[in-house]
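Dear colleague,

I am handing over the structure we spoke of, and my notes on it follow below. Please read them with the model open beside you.

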Amino acid sequence: MKEYRTINRIAGPLLFVEKTEPIGYEELVNITLADGSVKRGQVLDTSDELVVVQVFETTTGIGRDSGVRFTGEAIKMPVGREMLGRILSGGGKPIDGGPEIVPEKRLDITGAAINPYARSSPADFIQTGISTIDGTNTLVRGQKLPIFSAAGLPHNNIALQIARQAKVPGSTEDFAVVFAAMGITKEEANAFMQDFERTGALERAVVFLNLADDPAVERIITPRLALTTAEYLAYDLGMHVLVILTDMTNYCEALRQIGAAREEVPGRRGYPGYMYTDLAGIYERAGIIKGKKGSVTQIPILTMPGDDITHPIPDLTGYITEGQIVVSRELHRKGIYPPINVLPSLSRLMNLGIGKGHTREDHKKVSDQMYAAYAEGNDLRGLVAIVGKDALSERDRMFLEFADLFEQRFVRQGIDEDRTIGEGTLDLGWDLLSTLPVEQLSRIDRELIEKYHPKFRAK
Amino acid sequence: MEVNEEQKTTAGVLKRIAGPVVTAVGLNAHMYDVVKVGNEELMGEVIKVDGDANIIQVYENTTGLRPGEPVSNTGLSLAVELGPGLLTSIYDGIQRPLEVLVEKMGSFIERGVSAPGIPRDKKWEFKALAKVGDDVSPGAILGEVQETNIVHRIMVPPNMKGGRIATITSGSFTVEETICTLEDGTEFQMMHRWPVRVPRPVMEKKNPTIPLITGQRILDGLFPIAKGGTAAIPGPFGSGKTVTQQQLAKWSDAEIVVYIGCGERGNEMTEVLTEFPELEDPKSGKPLMERTILIANTSNMPVAAREASVYTGITIAEYFRDMGYDVSLMADSTSRWAEAMREISSRLEEMPGEEGYPAYLAARLSEFYERAGLVTTLAGASGSVSVIGAVSPPGGDFSEPVTQNTLRIVKVFWALDAKLSQRRHFPAINWLNSYSLYLDTLGPWYDTEVSPEWNPLRSWAMEVLQKEAELQEIVQLVGSDALPETEQITIEVARLIREVFLQQNAYDAVDTFCEMKKQYDMMKAIRSYADQSYAAQAAGVSPTQIISIKAKNDLPQIKFVKDYEPMLDGILKAMESEFTTLRSSA
Ligand SMILES: Nc1ncnc2c1ncn2[C@@H]1O[C@H](COP(=O)(O)OP(=O)(O)OP(=O)(O)O)[C@@H](O)[C@H]1O
Ligand SMILES: [Mg+2]
């Protein structure tokens, strides 16, 4: 492999290399510094005259005298069964003091798109033990369901609780967790690691850590390494893999940084115009493939800048993922854990994983009715602030009370409280709904009311 | 899409690769020529000619391509293959059958594999309808094939000359075998190609007069789209664009459905693929899949093919229209299509227009929607293409360019509203902002086919909803008890219209589809409550009593019952007797 010393310009994370032989688009590049250390990069633009290389680490120490080698192939990730239980850097190098990974395979980290015809429809209900997820925003295997949070909110605790409690009732299949951290603080990372160790989850986990003080551009490959690993565990080894990606906001910032360095025409709020496509390349790697045993389920976490759900990062994410779990500052202030606001939350695959044969026949309608009642009660709070409770009709007062009950009993639960779907969550829902007159339950068929409503159940 | 080897004309070499757009020199190509790029012969299309250089958008992943690799020109435009074998297919954006791709390359989409759009080896039973000696012109029907439960008519391709038929044979043929020859020696096969960026010709465009009945109450009842019409359904993420489009694909009374998943989710396409074969067309009783063609170029598939997917879909739709069918086409989402244009355009370093979109965005959108319409085909039959486009505005803000440019063209606007979807009011279509410009032209159809009472009933419901919105503003300030009595009743009537009529659960086995007669009966029942309420109030009954009429609370239940009439009758009778009791005690 030829080494070039023809770097002409360095701008941010980009190197402009001249007078090369024909170089392939998206090839892996090794850059050797004067002290002998090697950094990695990837070709972003290639032509006869000039090759643009994006470096995945800091460009500190790279100069016009650095050596550039083009490897002739796309970035590949060595994968193997031994990865379970290991902690790797955001660039995929072991950082737990253990040995190098002995690869069973080397896989392209970009990951080709799953042929939609080869997908199998997700349908297996995952019980997380959290009512606001299981009851009203159900997660199913093969789904991509992000947590939309904001600075200072307990999204990490929620993610950990999901990782600890998630199970498919009645199934004993092999599972694994792939955890990818991008730009989170050492403290946050420690919290994750300690929890993994305390519960023994680490044995079944592969951890990728790119921390706040690690190079930002490395974050571009961290989720791809994590997903390549997840796909290997799922499709080659037949495991059901839960992938937690945190914090996607930091990933997007890195993307913006590279766009700016390339002097591209920026899209909304300075993020690249291709951010939708780029994020889709990550999120769409969740799923189930016909004829293969395993599955990849994704829970990306992102913090909404300025708590703004219309910010391009949550916005584009929401347009790609199959719903979102929204963590609310207001509920957090009220001291409610998990502070999940069900109103803007959604699971689009819920309908595939609930109902007869999955959870319970009344699931969908109970959920709809709780939403409607909570939304109505929640609206009335605004009115009460202006006109006072006395100006409300009797009907309104009932809904107002329902909203409080819903938050205090349905939403609120312990950080280690693992509720079952039937008795833990749906029956609790019926208990709350039974505080409303039966005729107000317009979303539920009479038949189901007679079967599940406490008033009739008691008889 | 497949291109014959011998059609390659000139040879060029790659100069530069940066994402899905590459530059080649020495090609001598024309705009929109299809070219084969690199050693693996990836398919691409020339989108800019700049001196000796040709800028090419590549329909497959360009990783690993190097300067110096060969590029060859096929001299053909991007075209789709039209003929028996289209129905029930699922294609990518450039009409490669995804099922065949799975056979050829497994579960993931690799590149450099081509596959014909319609099967070559399959034999179809061709029944000649034209006879020897007949003079046929472009678009004329030569014969037919029973493809699924749909009859596939074989036409003289509109881009060929007609003439007098010398031979025509019924029998079993593949799509490439000749079924008919003309006296001048022209041969016709069951398959022909059509360039996707060129609209197929028609004799005449007509004004639509018949609604596309969708079984969705808020659409058929309040904001109908005509057969041959255009509609846009914009909304923020998770507000119901895809569910609505899929409802239309399932239940609308079109004869053929083309569903384009343009830059959206893989699982959504899988859902259609698993669900449609199980569902029955309410009219024919046959699996819905038999009338359906899917185009799936998901968000993580190449953007250039995403750009093409919309053209591939509309061309197939026009082809079935030309057979005399009513076709409906859903494009989910046109915003992803516009973004693909933007992405390609920015790589061309074109001068960006509004929000980085190319200056030709508006033109492309209107060209696309212009391909909808009710037409007289070249063969003199009537056919239509209705187009329903989803729009995904960033941040849910309708003032952005794609929404705005779309609204300038389409005749129906179904405005999705996050506030409604958050409270699970579905379909989350805002009844105050939405509109249909077809109301007047469709009015007569509702008069004769539903009831002369329907149009006034519809106007009444819209007025009540308008009024409610005004009243709600007051309620927000002073509480509902402060409203005059009649208006307290109006609020209750509006609530019934919303919760009984407008809300419709796509996932309920019965409520998912609601025929026009039931829609009418439901609205009439609400009207009956309203009339009796105002009468009772005038007779001195208090609004609290009127609002607590019990029978009306059962109205939502009829949504979930198929044979709803006895139940509805019961409710109406009970309601009447409650009112009688109230009035007599007043
Ligand atoms: N008519 C309906 N009946 C019942 N539920 C509905 C209906 N419409 C939408 N929903 C609910 O809303 C969810 C989101 O709808 P949908 O996937 O159509 O949103 P979208 O507008 O296409 O979003 P995106 O832009 O992200 O693709 C569905 O998963 C479903 O739960
Ligand atoms: Mg959608």
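In chain B, 4 strands form an open sheet in the order β10-β13-β15-β16, with antiparallel pairing; strands here are DSSP runs of E of at least two residues and helices are runs of H or I of at least four residues, both numbered from the N terminus, and two strands pair if DSSP finds at least two bridges between them. Because β10 (135–136) and β16 (187–189) of chain B each have a single partner strand, they stand at the edges, and one side of each is left without a neighbour in the sheet. β10(B) is joined by 2 bridges to the antiparallel strand β13 (residues 163–168) of chain B, where B:R164 is the bridge partner of B:D135.

Before going further, please note that this is a predicted model, in which local features need pLDDT of at least 70 and side-chain atom pairs count only at pLDDT 80 or more, whereas totals for chains, interfaces and linings use all residues. Residues are numbered from 1 along each chain as its sequence is written, chains are lettered from A and ligands numbered from 1 in the order in which they are written, and side-chain values use heavy atoms, with hydrogens and water left out.

Also in chain B, strand β11 (residues 141–146) pairs in the antiparallel sense with strand β9 (residues 124–128) over 3 bridges, and β11(B) pairs, again in the antiparallel sense, with strand β12 (residues 151–155) of chain B over 5 bridges. B:V145 of β11(B) stands opposite B:F126, and B:V145 also stands opposite B:H152 in β12(B). The strands β11(B) and β12(B) form a hairpin, with 4 residues between them.

Turning to the ligand, residues from chains A and B surround ligand 1, so the site is shared between chains. Among the polar contacts (pairs of N or O atoms within 3.5 Å), an oxygen atom of ligand 1 is 2.9 Å from a side-chain N or O atom of A:R348, while a backbone N or O atom of B:G240 lies 2.9 Å from an oxygen atom of the ligand. The protein buries 96% of the 630 Å² that ligand 1 exposes when taken alone (Shrake-Rupley method, 1.4 Å probe).

Methods:
Near = heavy atom within 4 Å. Polar contact = N/O pair within 3.5 Å; in protein donor to acceptor, adjacent residues only side chain to side chain.
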